[in-house]
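Here is a short note for someone opening this entry for the first time. Please read the points with the sequence and the model side by side.

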Amino acid sequence: MPVPTPARPAARSLAAVNADIRALWQRGGRLSPEGRREYERLLAEWAAVVRGDAVEAA
């Protein structure tokens with residue numbers, strides 16, 4: 001009997017991720033260590049959305 005795979009959470013839109021990145025930088029132009037971690041997380045999310053868009057377009 002096959003084991004069901006967990007559903008992946010729906011990816012946010014590229015526009016939503018971009019808006020979060022812009023908002024992060026508008027808080028003062030320099031990132032705290034916590035802000036830097038959030039920025040890196042958002043960049044990874046952005047890249048995943050872009051890869052997903054490229055796969056769907058293919």
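Is Tyr39 buried or exposed? Tyr39 is buried, with a relative accessible area of 17%; buried means under 20% relative accessible area, exposed over 50%, and partly exposed in between (1.4 Å probe, protein chains only).

1. Basis. This is a predicted model, in which local features need pLDDT of at least 70 and side-chain atom pairs count only at pLDDT 80 or more, while totals for chains, interfaces and linings use all residues. Residues are numbered from 1 along each chain as its sequence is written, and side-chain values use heavy atoms, with hydrogens and water left out.

2. Overall make-up. The protein has 2 helices and 0 strands (DSSP runs numbered from the N terminus: H or I of at least four residues for helices, E of at least two for strands). Of its 58 residues, 14% are buried.

3. Core. Val17, Ile21, Leu24, Tyr39, Leu42 and Val49 form the largest nonpolar core, with 6 residues (a set of buried Ala, Val, Leu, Ile, Met, Phe, Trp, Tyr and Cys residues joined through side-chain atoms within 4.5 Å). Helix 1 (14–25) and helix 2 (33–57) each supply at least two residues of this core. Apart from neighbours within four places in sequence, Ile21 is in contact with Tyr39, Leu42, Leu43 and Trp46 (heavy atoms within 4.5 Å).

4. Aromatic pair. The structure holds 1 aromatic pair. The ring centres of Trp25 and Tyr39 are 5.3 Å apart and the planes stand at 80°, so the pair is edge-to-face (centres within 6.5 Å, using the six-membered ring of Trp; planes under 30 degrees apart are stacked, over 60 edge-to-face, the rest tilted). Trp25 lies in helix 1 and Tyr39 in helix 2, so the pair ties together parts 14 residues apart in sequence. Trp25 is partly exposed, at 33% relative accessible area.

5. Helix 1. Val17, Ile21 and Leu24 are buried in helix 1. They cover an arc of only 60° around the axis, which puts them on the same side of helix 1 (the arc is that of the directions from the helix axis to the C-beta atoms). The face turned away from the buried side of helix 1 carries the exposed residues Ala15 and Arg22.

6. Val50. Val50 is placed in helix 2 and counts as partly exposed at 30% relative accessibility. Val50 and Leu14 are 36 residues apart in sequence and 7.3 Å apart in space, C-alpha to C-alpha.
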